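Please open the model in a viewer and follow the selections below in order.

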Amino acid sequence: MEENNNTHSPNEPEKSKASTRRDFLKNLGLAGVGVATGAAALYSGHIFEAKKEATGESKVLLTQDGRLVSVDSLEIKSHEKTGEDLRESQSREGIPGRRWVMVTDLSRCRNARKCISACQEAHHLRPEQYHMNTLQMQDSPNTAPYNMPKNCQHCDNPPCVAVCPVDATYKRPDGIVLIENDRCIGCRFCMAACPYSARIFNWIEPKDAAKDQGIEYNAELNVPQKLGTISKCLFSADRLREGKLPYCVEACPNSVYYFGDENEDSVTNGTTKETVRLSKLLRDNGGYQLMPELGTKPRVYYLPPKNRLFPFEEAKDATPEKV
Amino acid sequence: MTMDDNKLTFDKITSDLTHHIRINKGFLVWMGFLTVSLVACLYAYSLQLRTGLGVAGIRDYVTWGLYLANFVFFVAASLIGMLISAVLGLAGMKWITPLTRIAETIAVSFAAVAGLVIVSDMGRPERLAYVFIYGRPQSPILWDVTVIITYFALSLLLLYLPMIADMAILHRKGALPSWLKGTYKCLSLNFTDTPAQNRIINRSIRMLLILLVPMALSIHTVTSWLFAVTSRAGWDSSIFGPYFVSGAFVAGSAAVIIAMFFFRKNYKLQDYITDLHFDNMGKVLVTVSLVYLYFNINEFLVPGYKLQRADAIHLTELFSGKDACMFWIVQIGGLVLPILLLFFRPFRKPLPILVISIAVLIAAWFKRYLIVIPTQEHPFLPIQHVPQNFVVYTPTLVETMITIGPFILVLIIITLISKFFPVIPLHETAVEKGVEDV
Ligand code: SF4
Ligand code: SF4
């Protein structure tokens, strides 16, 4: 995501040397136009002020996509929704003003898999259903193996969203890619399109189907899970709404995860609760994205597995039973 | 042609081409067999409806399995209507007349059933209507739904319009049960063979044929885009559209040859579907196979030369790994060998070409399998910490039955259409042979 920073470089007007008579006349003409424009501007400004006085004062507001705009206070109408409507529109509109990001420090991961269990518990997943999965990676035969927790990258150019035929998976203004499993038709095109294998499917009756009966569906938690529909990492949108860090981020004992807001340029470590500048963290540690060449623009950054805190160990068999 | 044209009368043509329209024992036994098989497959599908897609072998990594391969195959086979009727017909080839209805029947039945196949692949089939309610035009699935419905409608019309004149003849001439006659009368729309009526029908057919070409190209191109719009190795290809279309012509031509053989034999049409037709269809098959071979070489040689990381894994599996056996049998037995054999006239005789066509058609199905499944077995990131059946795709019995079901349905549709309507256009044949109804 790139902000358009409109920095105004002062435009020094070039001084003409000797102005001839013709130039003078031309300048005069220009000045005339300038005066007319100025007058028009003043007049419209006056009208604007007059209107402002007539209605109320202007308020500066932050829009959902993070822009500051000024709006007349009398123009502001409170936007109220309740119950299911509220929840549905909330989960589509996201958390105003935020651009969530995650930073995963590979030098600290020892495959403790605490993030995974916290996640699976929160989202009522079976043991073989991963929103977050720690993979044992080795980039080439001569490079060292390392552990890499992998979740949905919440791509800014998400191929999964592009291909969904019914808008059941969508990108929110705050950067999160969510699923509405009440609408998903189970075509699995999004799974085919996701290059990060981030999506899972409820092939059989979800683990807590019986227990979750009657619970109102929350797209920000994707609970209850539903048979024949998609699930995946949601950046714990429900926790973010409460002002808390995601389940996985908090559960990690090894301070692997940072999570935060790109608009504020700050991320907080889930274990140490230390808050640092996002840009500095990425710059100083050589932060990178997974497969950026695919153009998906992930919102998850990785810090390379250098100076590792733990020796790499082959994963104990974390493979669940056949389903 | 072996036939003595002098002896041809309108009545002889009519009786030759319609004598199979009666309910006989063979038909009942065959339909009984098909119905029982279909019921078994429907039972398998009811299991899937009750317990979810988990009854199939597909899981999170290989998420599209037999059902989708089957879907691609059905769409492919349906394309033949366009090649025979539209391309060869518009090019002015006269010999195709007795084959047009066979090709259209195949097109209609495969296109109709393709729609059902894709429903069997949905996790939530009861939400099918959402595609129309919430449909997003950005998704290739929407494009596919649109073009398949349109193609089906066009093909159905193209099957029906040339039949109107035949219905009128059947209604007048045939010694048939009255309910059947009544149906023909309805379907004939009071056609009385006036020049004005014929002009309208001929014009409409011509327009349909022209419309059919872009529509048929679209259905298979868009189907190929379901894969090509992703960035996965093996699917991320810019020639997928023509690659699929040419492959479809191969499968479809083979299907038509097989259908020709059995119709000719069972309905005693030796005088109308002659060795010449088999010979010509053999030439068509060899031509489209050569085009397909050309695209195959492009599709495998170019990435195989570069061997980019993901492509390398994918191609190694195909060429010498787990899928190598199937790959080489399909490529050689289903493409190279048929081409070589069909170059020789003796192999274009009915029986040899039937055998070759069956091989080609089976290979065509497995080719769809090879396009759909192996790619998903090696995604960009490793598959770890999941059960073995997530890593290696093995179709289940229920899944196989749900895959066979659509074939049975197609056979039922083809049997019914061919049983109750002339397999060979009656009116058109009479006009071409220059015998008039008196
Ligand atoms: S990682 Fe996959 S599922 Fe997540 S946003 Fe990107 S493409 Fe979609
Ligand atoms: S499986 Fe569901 S979320 Fe995914 S593309 Fe299909 S409808 Fe959309």
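**The interface of chains A and B**

Begin where the two chains meet: the rule (a side-chain nitrogen of Lys or Arg within 4 Å of a carboxyl oxygen of Asp or Glu) finds 1 salt bridge across the interface of chain A and chain B. Select A:Arg188 and B:Asp121, whose side chains form a salt bridge at 2.7 Å, N to O. This is a predicted model, in which local features need pLDDT of at least 70 and side-chain atom pairs count only at pLDDT 80 or more, while totals for chains, interfaces and linings use all residues. Residues are numbered from 1 along each chain as its sequence is written, chains are lettered from A and ligands numbered from 1 in the order in which they are written, and side-chain values use heavy atoms, with hydrogens and water left out.

Next, select both sides of the interface: 52 residues of chain A are in contact (heavy atoms within 4.5 Å) with 41 residues of chain B. Between them, the chains bury about 3800 Å² (accessible area, 1.4 Å probe, lost on being put together and summed over both parts), with 59% of it on carbon and sulfur atoms. On the chain A side, highlight A:Ile185, A:Phe189 and A:Trp203, which lose the most area to chain B, together 19% of what that side buries.

Definitions and conventions:
Buried area is the accessible area (1.4 Å probe) that two parts lose on being put together, summed over both.
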